[in-house]
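Colleague: Hi! Could you walk me through this model? I'd like to start with the inside.

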Amino acid sequence: MPELSITGTLVNYFVLCRRKAWLAVHGLWMEQESEAVALGRLLDETTYADELQHVNVEVEGHEGLRLAGRIDWAELRDGVLHETKRSPSGLEAHRWQLRFYLWLLKLRGVTRPDGRPFEGQLNFPRQRRTEAVTLTADEEARLRTLVQELHQTAALPTPPPRLENRRFCKKCAYEELCFG
Ligand code: SF4
């Protein structure tokens with residue numbers, strides 16, 4: 001396996017389902033073929049077209065792990081990172097993805113002009129809903145463990161087992177691969 005970059009999307013997948021993260025790491029990016037995801041992306045890009053400003057961040061984390069994030073858009077002056085999602089389904093995974101981006105900025109020493117840390121905002125334009133996300137010290141410690149676990153899972157020769165709750169898998173682009 002080529003050297004792995006741990007990305008926010010992988011963190012999101014890993015929180016949802018370890019198998020999903022493994023499949024993505026091993027080159028099975030089925031999401032690209034998912035109509036729902038394509039629609040979501042289009043929605044993202046039209047809703048915030050005026051403010052769209054992707055920000056790429058790369059950091060060498062502890063133990064040499066390469067951490068990378070592509071942040072949807074950011075209000076740099078106000079210190080707010082935005083992540084836009086089609087639906088709140090998988091909300092906890094969305095939160096960890098955004099916390100991961102906040103962590104990357106912190107590791108890079110990037111703060112607001114007044115020295116305070118960046119904050120995050122999850123945007124659900126379809127639901128006209130937003131949610132504030134911050135990063136506590138405990139969550140930062142959890143992220144450190146999470147990326148280690150992700151790295152170890154990615155190195156497994158075979159994928160972790162399927163989720164038991166198939167209902168949860170209905171919206172996953174890998175469903176046919178896992179259950180077909
Ligand atoms: S279909 Fe279910 S078990 Fe398979 S990768 Fe998706 S969430 Fe995981």
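Colleague: Which residues have the most contacts inside the largest nonpolar core?

Modeller: Ile6, Val11, Leu67, Leu81, Phe100 and Val147, in a core of 41 residues. A nonpolar core here is a set of buried Ala, Val, Leu, Ile, Met, Phe, Trp, Tyr and Cys residues joined through side-chain atoms within 4.5 Å. Buried means under 20% relative accessible area, exposed over 50%, partly exposed in between, with a 1.4 Å probe and protein chains only. This is a predicted model, where local features need pLDDT of at least 70 and side-chain atom pairs count only at pLDDT 80 or more, while totals for chains, interfaces and linings use all residues. Residues are numbered from 1 along each chain as its sequence is written, and side-chain values use heavy atoms, with hydrogens and water left out.

Colleague: Switching to asparagine 12: buried or exposed?

Modeller: Buried, with a relative accessible area of 4%. Asn12 is found in helix α1.

Colleague: Which side chain does asparagine 12 pair with in a polar contact?

Modeller: Glutamine 97, at 2.7 Å between the two side chains. A polar contact is a pair of N or O atoms within 3.5 Å; within protein, one must be able to donate a hydrogen and the other to accept it, and residues adjacent in sequence count only if both atoms are side-chain atoms. Beyond its neighbours within four places in sequence, Asn12 is in contact with Lys85, Ala93, His94 and Gln97.

Colleague: Now the ligand. Which residues are around it?

Modeller: Cys17, Arg19, Lys20, Arg162, Leu163, Cys169, Cys172, Tyr174, Glu175 and Cys178, each with a heavy atom within 4 Å of the ligand. Helices α2 (18-25) and α7 (175-179) are the elements that give two or more residues to this shell.

Colleague: How many of the shell residues are charged?

Modeller: There are 4 charged residues, along with 6 nonpolar and no polar ones. Ala, Val, Leu, Ile, Met, Phe, Trp, Tyr, Cys and Pro count as nonpolar, Asp, Glu, Lys and Arg as charged, and the others, Gly among them, as polar.

Colleague: Last one: how many helices and strands does the protein have?

Modeller: It has 7 helices and 7 strands, and 44% of its 180 residues count as buried.

Note on methods:
Helices (H or I, at least four residues) and strands (E, at least two) are DSSP runs, numbered from the N terminus. Contact means heavy atoms within 4.5 Å.
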